[in-house]
Each structure stands twice: as structure tokens, then as C-alpha cells.
Amino acid sequence: TDIPALKTFLAGDFEIGAAVGRAQLLGNHAQLLNRHFDSITAGNAMKWDATEPTEGTYTWTDADAIVNYARTNGMRLRGHTLVWHNQTPAWVFQNASGGPLTDSAADKAILLTRLENHIRAVAGRYAADVDHWDVANEVIDENQPDGLRRSDWYTIAGLDYLRTAFRVAREVAPNAKLFINDYNTNVTTKRDKLYALVAQLRAEGVPIDGVGHQMHVNIDWPSVSETEAMLHKFIPLGVDQQITEMDVSVYTNGSESLPAIPQERLIKQADRYRDLFALYRRYRDDISSVTLWGLADDDTWLSTFPIARLEAPLLFDTRLQAKPAYWGIVDPSRVT
Ligand code: G3I
């Protein structure tokens, strides 16, 4: 492991993070994590289904382990995520008899109280530790005229769920930067809907400090110029920006599956990491951190989504060795 530490190479540009679970906090994984990264995100442990599976009953074991790890190792911590349409238990959207909450004023009040209680508990517990919260995740649907995803949150409470979430997060975690996070923000129609929402809410005084770009991309898509347009777009808002969930799939469609990954694709992947990190570094004044959605190729969500297949979207391989992708960032002349 006589190779440059990513966090040293990128010092002065932005923090470099990885999404982790308990498995990444042990042994060789922890060694790799500590050597290269100065920020971590809980890949699942802080989500609603993990922290409040039944109303008012909180389970902190996994989230606490990650928070304590960050503290012990002097790493920054991104909290992920307080309000989302996935990984949220069914009870959140149900009335006392198990039926669905409606958009009536009474049901809306029930939902917003649950949201407030949840955020008070989770963001309050970690107020001294979490530097950046993904308060709201994936709220945009660019195919809706108003750009807002028709989640249970939205259909029951309208935009008030976002107003409540950011207000309460600010109140209980006043030192955390509060983010709205989404995928495909490089797609013009989606990016523009997100921009309009953030502009509207900030004009109302809703405390949104930053925009998170997930950047789940692949070896062919998106182009650097589309990605640059994404970053450029949000500068007039005066918000912080972060790359929050980056990985680069070796596949360019949802159905292909290879028994082994050709070297040629790993080289293309290295070129993507090279070009996108070069772009991020040019925007260092606007980007405060870049997080990879995983530590190494032995544990990536893409090996089960959209289908089960061999994947290799990260910087380190299944044996935790640096891949061409790593060299694409640190020293492109060593990509082979
Ligand atoms: O923990 C259970 C385990 O008890 C059970 O036996 C097993 C069988 O299915 O499932 C385990 O839960 C899985 C969980 O990850 C923890 O590993 C879920 O099935 C699986 O669906 C879940 O996937 C997560 C996904 O979000 C679900 O929404 C991924 O790990 C996680 O990386 C992914 O992260 C999201 C971000 O939060 C938001 N942006 C997109 C990103 C990728 O989908």
C-alpha cells in the first residue's frame, strides 16, 4: 500500500469520503478507509427504517458505531438521510387502524408530527458529530409539471414536509450544513426543477445550505460538459455543493451482464474518474466534499441493482487493491 493517500492528494480541494456500513469499520477495510478517506457516510444505518422501525422506538447500534468511528478517527461525517420515500417504514404513512393517511388537515398534522419527532431524535442525537445532513433525498420528479415527486410525503403534506424537515433539522443541529440530495442532477430538465425548488424554498427562508449531486454514473455517461453545467447552474444560488454518492458502473445499460470485466472497461472507467475529478478540482471553490458510494468493489449496491451482476464501480478492487480508476485520479500516467 505504498501509494499516495487520496485525502492527501486532494487536500486543499475538498474532503474525500466513502459510504460505509459496519463491515467497513474492521480489519483491512478500516485500514484502507483510514488511509485514503477523511469523511464517511452511513450507507444505510441512519435511514428511517434503521433508526425508527416502529414509532417512537429507536435503534441506534449501527448508527452509533459509525458516528463513534468518525469521532475516534477524526473523520468528517455526512448524515444520510432524514426524509426519503424509500427505506421508510409503512407505519409512517398509516393511521391508527392501519389505513393510509390522506391529505386531510388532520392526517397531514399526524405525518408532520412524526417527521418532526424523528428528526428531533436522529439529528438531535448526532448534533455534535454530523457535519452535513442530507435532510431531503430524491424529492424531484422532472416529469411532473411542478417537478415534485408524488411520494407519500408530497401527496399527504405537499411542500410542507420539506419546510418542516429543514426547519427542525436546523433547530436541533444548528452546526450542521443542511443538504437537499438527488440523482441525475446532470440531466438538464431535472437539474432545472431542482434549482427552481431550492430557489423557491430559500427565498421563503427555508434553511437549505447545500445541494448534493449523487453522481451514480457509468463509463459512457454523462459527459464532462453536462456535469460542468450541473455544477455551474447552482453557483448563483450561493449554496455549497457536494458530490455525495459517486460510483462509475462498468455497464451502460440495465441488462448486460459479464462473467469478467474486460480491462478495456476498467481503463475507460479510469478515464471517467480522471476527467470528472479534474472537473471537480476546477470547481473546488464550490464543492466541499466528494463521496464515493462504497469503499471497494467487494461491497457495492450496483451488484444487485438493477439486476444481480458482476460490478466494479469504485476505486479499489475486491481485494482492496488500487484500480486503474484510482490512478486516473491520482496520476493518470500510471493508468494501465
Ligand atoms: O438489512 C437487510 C437484511 O436484514 C436482509 O436480510 C436483506 C435481504 O434483502 O436485506 C438487507 O437490507 C438491504 C439493505 O440495503 C442493507 O444491505 C436491502 O434489501 C437493500 O434494498 C438495501 O439497499 C440499499 C438501497 O439504498 C435501498 O434503498 C443500499 O444498500 C444503499 O446503498 C442504497 O443507497 C441509496 C442511497 O441511500 C440514495 N441514493 C441511491 C443509493 C443507491 O440505491
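The exercises below work through a predicted model, each with a stepwise solution.

**Exercise 1. The ligand shell**

Which residues are around the ligand, and how do they divide into nonpolar, polar and charged?

Solution. 
- Step 1: list the shell. The residues around the ligand are Gly 43, Asn 44, Asn 86, Gln 87, Asn 137, Gln 214, Glu 245 and Trp 301.
- Step 2: sort the shell by type. One residue is nonpolar, six are polar and one is charged.
- Step 3: assign the names. Trp counts as nonpolar and Glu as charged.

**Exercise 2. The two sides of helix H2**

Which residues of helix H2 are buried, and which are exposed?

Solution. 
- Step 1: find the buried residues. In H2, residues 27-36, they are His 29, Leu 32, Leu 33 and His 36.
- Step 2: ask what lies over the buried residues. The cover includes helix H1 (6-9) and strand S1 (15-20).

**Exercise 3. Leu 32 in detail**

Why does Leu 32 count as buried, and which residues does Leu 32 touch?

Solution. 
- Step 1: locate the residue. Leu 32 is part of helix H2.
- Step 2: apply the cut-off. A residue is buried if 20 or more other C-beta atoms lie within 10 Å of its own. Leu 32 has 20 such atoms, so it is buried.
- Step 3: list the contacts. Leaving out residues up to four places away in sequence, Leu 32 touches Leu 295, Ala 296, Phe 316 and Leu 320.
- Step 4: check a separation. Glu 15 is 17 residues from Leu 32 along the chain, and their C-alpha atoms are 16 Å apart.

**Exercise 4. Strand S2 and its partners**

With which strands does S2 pair, and are its faces covered or open?

Solution. 
- Step 1: recall the rule. Side chains in a regular strand alternate between the two faces of the sheet.
- Step 2: Ser 39 and Thr 41 are buried on one side. Ile 40 and Ala 42 are buried on the other. Both faces are covered.
- Step 3: take the pairing with S1. S1 and S2 are parallel and share four bridges. Gly 17 stands opposite Ser 39.
- Step 4: take the pairing with S3, residues 76-83. S2 and S3 are also parallel, with three bridges. Here Ser 39 stands opposite Arg 76.
- Step 5: S1, H2 and S2 form a right-handed β-α-β unit.

**Exercise 5. The setting of strand S8**

How many residues of S8 are buried, and which strands are joined to S8 by bridges?

Solution. 
- Step 1: count the buried residues. S8 covers residues 240-249, and nine of the ten are buried, so the rest of the structure largely encloses this strand.
- Step 2: take S6, residues 210-213. S6 runs parallel to S8, and four bridges join the two. Gly 210 has Asp 240 as its bridge partner.
- Step 3: take S7, residues 216-218. Three bridges join S7 to S8, again in parallel. His 216 has Asp 247 as its bridge partner.
- Step 4: follow the chain from S7 to S8. The path goes through helix H9 (residues 224-234), and this β-α-β crossover is right-handed.
- Step 5: take S9, residues 287-292. S8 and S9 are parallel, with four bridges. Gln 241 stands opposite Ile 287.
- Step 6: follow the chain from S8 to S9. Helix H10 (residues 263-282) lies on the path, and this β-α-β crossover is right-handed too.

Notes. Residues numbered from 1 in each chain as written. Predicted model: local features only at pLDDT ≥ 70, side-chain atom pairs only at ≥ 80, totals over all residues. Near = placed C-beta within 6 Å. Buried ≥ 20, exposed ≤ 12 C-beta atoms within 10 Å, placed from the backbone. Contact = placed C-beta atoms within 7 Å. Pairing = 2+ DSSP bridges. Right-handed = clockwise from strand over helix to strand, strands pointing away.
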